[in-house]
Amino acid sequence: MNTAVRAHLLVDTLREPERARAYGIRDWETLVWQSRAAELMAQLHAALDGADALGAAPPAARRHLELAGSVAAKHALAVKCELREIQEALEPLGIPVLLLKGAAYCALGHPASRGRLFNDIDLLVPRQALPEAEKRLLWAGWLPAHTNAYDDRYYREWMHEIPPMEHKHRATVLDVHHTILPPTSGIRPDPRQFFDAALPLTGEFSFFSVLGHTDMVIHSACHLFFGEFHKGLRDLHDLHRLLSDFAADSKFWSALTDRAAHLGLSLPVLDALTQCQRLYRTAVPVETLQALRQVQTSPFPRALREWMFEHALRPVHGSAFGPSTGLAHRMVFVRSHWLRMPLPLLAYHLSHKALFAD
Amino acid sequence: LRIAELQRSELRSRLAKTGLSIPCGPFCVRVRTGLAGLAEEFGRLYADFPILDADTYVDFEVRLRAPNLLRRFVRAQVTLDCDGRIPFKPLPMAQAFPMLEWGLNWVISSHAQDHLVIHAAVVEREGRCLILAADPGSGKSTLCAALVLRGWRLLSDELALVDLASGLVRPIVRPISLKNASIDVVRSLSPEACVGKVCPDTAKGDIAHMRPPADSVRAMSQPARPALLVFPKYTAGAALLSAPQGRAHALGELTRHAFNFAVLAGEGFDALANLVEQVRAHRIEYASFDQLMPEIDRLWAQAT
């Protein structure tokens, strides 16, 4: 049995799917496992299919990949049905409703949505409209998903969203946000500027808008680099797709650095671009990286951060883990909470979770 | 090579080191565990299963182990991971075998998306199958075991896999899970019933597993066409009640028992509609096998 650590098998194959033609049965096994763990199997299927490399797969591996592709296609249809329901519930309010992340890519028909599965639909609405929006969604069947008093307070006082709402029949989950970052992180951009720069969708979903291109990248980068990297490789793959597409506009990169500096979010954007470049070979101009680096750097040693990201951005599968991957994951967990909350609040939150959580 | 042909010590060491690959419904699953008690029970209940060659493609790897060093010795627990994912919370070590079975059910029901997966027992005779769909606690597994001990071939006691392309039901031959009073009921039915160790106090009460008959294990790659669909309900002291079910009712009832109906969307609906078109459906309430078995034989003769 092959027990060597295959940390990069999945990203290497996503980037250069032609490689797979030379894979043996054990490589295919590991590839399927890693792509399932990273929630990138349907994207892998699309890449292999595009490179005409699926034929080289053993029938059993091909079956998993093709099933992932067809489940993802049905998922996209289901999301569009949900969006119509949400529109029906919120349209009478006359407020702007922005789709974020997966739902946005899906409604846009963006390449980043190809094969992407997600559990929650993320919405952004103006804060003052939140109580009304919540009420109307409730009437439409989305009930607060099993929260206790502590969780409710955690969301409403400290987070950038209200507690998740789950539909009583269809079990779809909505995350309704009023801004893109937790206010407790200390970075509190005025959400109005995101609505001002939003792009209305055209066609079927013209009721909704999405974030402007630079904001979309910045939001995705923040979500990933303030978070716990559970779906890090997948989120980074989204970013790679977004960047590769938006780069067609010659003004995109300078607009991105300006916007990131204005919002005080140059560091997560720098991290995102650096990691995209490392793993997916995204074409990022050198000047962009330099410009971002001049604005903001991390107080932590660069080597330590690189080591941590290298491990945290592996597929969450034993075949990709080295001896220190577990330690890196624990550091990322502590880091994400550190970034999201001031220390006294963090101490309170973690001790509550340790003492009272199930 | 069958599992029963391995020496006890070899079974233990292979499970602990490289794992053993066995056919599990539509998949090849590699089971790995260093837990000696689990290896013993696995060897007993999976005795007739073939061990797949080392070059077989492995769809899933399922590992059972203690969650950490402390919980290996103090109030010992067991945890199951499947390719890095941990679908359940840890359980007391004594429940290692039921956990393996629940884990394998989870593997199949959440990944066999080329099938409609229905929570139902399935048995076969002469190439046609009888599907028993019911809520937990209705006596479905007990009835399934009783039918198997009367010579029906076991397809599954838990999951009916309806192939989306052909409409045939595909076997997932595995040990039959028995709960509480049904453990003794099944033991008393036949001296041939080989029932494993009883695990007391699980989330579902006392649990034991019956070894699937060797003939059923040998025929595990032969699917069957559905002929009869029964919604059984055991009620102590009840008089026999047997009523035909209309197709619309049967379809409505089966959507409740289908695991991946929402995932399959239109394809799932078509498969379900196709299934109810093919079968006669009946609702049966019963209090004893003496009442029930002649009724099933009668319905079976009508349906086939």
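How are helix 9 of chain A and helix 10 of chain A oriented to each other, roughly parallel or roughly antiparallel? In this predicted model, the axes of helix 9 and helix 10 (residues 232–246) of chain A come within 10 Å and cross at roughly 165 degrees, and the two helices are therefore roughly antiparallel to each other, since angles over 145 degrees are classed in this way. The crossing in which helix 9 of chain A passes helix 10 of chain A is left-handed. On the side of helix 9 of chain A, the contact is made by A:His213, A:Met216, A:Val217, A:Ser220, A:Ala221, A:His223, A:Leu224 and A:Phe225, and these meet A:Gly232, A:Asp235, A:Leu236, A:Leu239, A:Leu242, A:Leu243 and A:Phe246 of helix 10 of chain A. By residue class, this contact divides into 10 nonpolar, 4 polar and 1 charged.

Helix 9 (residues 213–225) of chain A also packs with helix 11 (residues 252–263) of chain A, here at an angle of about 60 degrees and with the axes 9 Å apart. Helix 9 and helix 11 of chain A are therefore oblique to each other, and helix 9 passes helix 11 in a right-handed crossing. The residues that make this contact are A:His213, A:Thr214, A:Asp215, A:Val217 and A:Ile218 of helix 9 of chain A, together with A:Phe252, A:Ala255, A:Leu256, A:Arg259, A:Ala260 and A:Leu263 of helix 11 of chain A; they divide into 7 nonpolar, 2 polar and 2 charged.

A further contact of A:Phe225 involves A:Asp271, a residue that lies in helix 12 (residues 266–280) of chain A and that, leaving aside neighbours within four places in sequence, is in contact with A:Phe225, A:Arg305, A:Phe309 and A:Arg335. A:Asp271 counts as buried because its relative accessibility is 7%, under the 20% limit.

Beyond four places in sequence, A:Trp28 touches A:Ala20, A:Tyr23, A:Leu48, A:Ala53, A:Ala56, A:Ala57, A:Pro58, A:Ala61, A:Leu65 and B:Tyr57.

In chain B, B:Val122 is found in strand 6 (residues 115–125) and, at 1% relative accessibility, counts as buried. Among the residues that B:Val122 touches, not counting those up to four places away in sequence, are B:Cys129, B:Leu130, B:Ile131, B:Arg153 and B:Val169. Between B:Val122 and B:Lys140, which are 18 residues apart in sequence, the C-alpha to C-alpha separation is 9.7 Å.

As regards the backbone, most residues other than glycine have a negative phi. For A:Ala171, however, phi is positive, near 60 degrees; A:Ala171 is placed in the loop between strand 4 (165–167) and strand 5 (173–177) of chain A and, at 43% relative accessibility, counts as partly exposed. B:Arg75 likewise has a positive phi, of about 40 degrees, and lies in the loop between helix 3 (70–73) and strand 4 (77–82) of chain B. With a relative accessibility of 67%, B:Arg75 counts as exposed.

Note on methods: Residues are numbered from 1 along each chain as its sequence is written. Chains are lettered from A and ligands numbered from 1 in the order in which they are written. This is a predicted model: local features need pLDDT of at least 70, side-chain atom pairs count only at pLDDT 80 or more; totals for chains, interfaces and linings use all residues. Side-chain values use heavy atoms; hydrogens and water are left out. Contact means heavy atoms within 4.5 Å. Axes are lines fitted to C-alpha atoms, for helices over the stretch in contact, and angles run from 0 to 180 degrees between N-to-C directions. Helices (H or I, at least four residues) and strands (E, at least two) are DSSP runs, numbered from the N terminus. Angles under 35 degrees count as roughly parallel, over 145 as roughly antiparallel, 65 to 115 as roughly perpendicular and the rest as oblique. A crossing is left-handed if the near helix is turned anticlockwise from the far one by less than a right angle, and right-handed if clockwise. Ala, Val, Leu, Ile, Met, Phe, Trp, Tyr, Cys and Pro count as nonpolar, Asp, Glu, Lys and Arg as charged, and the others, Gly among them, as polar. Buried means under 20% relative accessible area, exposed over 50%, partly exposed in between (1.4 Å probe, protein chains only).
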